Amino acid sequence: MKIIMLGAPGAGKGTQAKKIADKYHIPHISTGDIFRANIKNETELGKKAKTYMDQGLLVPDELTVNLVIDRFKNPDCADGYVLDGFPRTIPQAESLDAALAELGEKIDYAINVDVPDDNIINRMSGRRACLSCGATYHIVHIPTKEEGICDRCGHELILRDDDKPETVNKRLSVYHEQTQPLINYYTAKKILVDVDGTKDMADVFDAIVKILGA
Ligand code: AP5
Ligand code: MG
């Protein structure tokens, strides 16, 4: 099963993608997580990506597309994968389609996690992330047992640099301009499904499982 997660920054793509990956035993591929790991390890890619991410801008397509295409050719993706944060522009979606067509494959579902902008700002300011294992929490909705420490791996949690309110506003406007057009793109391909992302996390996941099948 090959799945794309669509939705505004903070809509809950990562939260739901991790649950999907666990339930259906497929890898979770998040371009944001890949870039953050590169930033942490101070790689060349990380240094380049950081200049865009810190401003709330998209990393250029030429740094992003091959990264994902190389990743899903790995043997662990044989039964499918869930793409989180990619594609994010029409050219990325077209490159993805072309790469899949060469393999005789296609995406099965594009799941749009729908959340209005007003809810987003609140979610982002409360989010805490673990750069070590990729877990995310929310100080109100998913608190950790010990404040500031990852329940899963014990590392310290951070507030992402791009979760500051002014950067969140920029990310939202970039989303509306460059990523939202993908909703029409995948609607035309008849694989778009909408879920109401304002519900509780468990209810959002139930809605997704109804679509994907148990
Ligand atoms: P990326 O890491 O993909 O960030 P994003 O799309 O902005 O999305 P987020 O990760 O912020 O939100 P999410 O939807 O995953 O929400 P989450 O589940 O964490 O990208 C970061 C940057 O990298 C981009 O800005 C860009 O620069 C670059 N980049 C990445 N991919 C790229 C690409 N393809 N092309 C170019 N550039 C790229 O949830 C948010 C919070 O809400 C959490 O605290 C969570 O606990 C809470 N929450 C989740 N669900 C619920 C719920 N139902 N109710 C209450 N709270 C909830
Ligand atoms: Mg995410």
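Predicted model: local features only at pLDDT ≥ 70, side-chain atom pairs only at ≥ 80, totals over all residues.

Colleague: Okay. What is the strand order in the open sheet?

Modeller: The order is β2-β3-β1-β4-β7. That makes five strands, with parallel pairing.

Colleague: Which strands stand at the edges?

Modeller: β2 (28-30) and β7 (192-196) do. Each has a single partner strand, so one side of each is left without a neighbour in the sheet. The twist averages 25° from one strand to the next.

Colleague: What holds strands together in a sheet anyway?

Modeller: Strands of a sheet pair through backbone hydrogen bonds, and the pairing is either parallel or antiparallel.

Colleague: Back to β2. How many bridges join it to β3?

Modeller: Three. β3 covers residues 81-84, and the two strands run parallel. As an example, look at Ser30: its bridge partner in β3 is Asp84.

Colleague: Now helices. Which strands does α8 lie across?

Modeller: α8 lies across β1 (2-6), β4 (109-114) and β7. It runs at about 150° to β1. Helix α9, residues 201-212, also lies across β1, β4 and β7. Its direction is about 155° to β7.

Colleague: And at what angle do α7 and α8 pack?

Modeller: At about 35°, with the axes 5 Å apart. Helix α7 is residues 165-179, and α8 is residues 181-188.

Colleague: Why quote both an angle and a distance?

Modeller: Because two packed helices are described by the angle between their axes and the distance between the axes.

Colleague: Switching to the ligand. Which residues come nearest to ligand 1?

Modeller: Thr15, Leu57, Arg88, Arg127 and Arg171. They belong to a set of 35 residues around ligand 1.

Colleague: What classes make up that shell?

Modeller: The shell has 13 nonpolar, 12 polar and 10 charged residues. The largest share, four residues, comes from α2.

Colleague: How much of ligand 1 does the protein cover?

Modeller: 97% of the 1,000 Å² of accessible area that ligand 1 has on its own. The elements that give two or more residues to the shell are α1 (13-24), α2 (31-40), α6 (117-126) and β6 (136-138).

Colleague: Last topic, the backbone. Is the peptide bond from Phe86 to Pro87 cis or trans?

Modeller: It is cis, with omega near -5°. Pro87 is in the loop between β3 and α5 (90-103).

Colleague: And His25: is its phi positive or negative?

Modeller: Positive, about 55°, although His25 is not a glycine. His25 sits in the loop between α1 and β2.

Technical notes. Residues numbered from 1 in each chain as written. Chains lettered and ligands numbered in written order. Heavy atoms only, no water. Axes fitted to C-alpha atoms, helices over the stretch in contact; angles between N-to-C directions. Near = heavy atom within 4 Å. Areas by Shrake-Rupley, 256 points an atom, 1.4 Å probe, with all protein chains shown as cover. Nonpolar A, V, L, I, M, F, W, Y, C, P; charged D, E, K, R; others polar. Pairing = 2+ DSSP bridges. Contact = heavy atoms within 4.5 Å.
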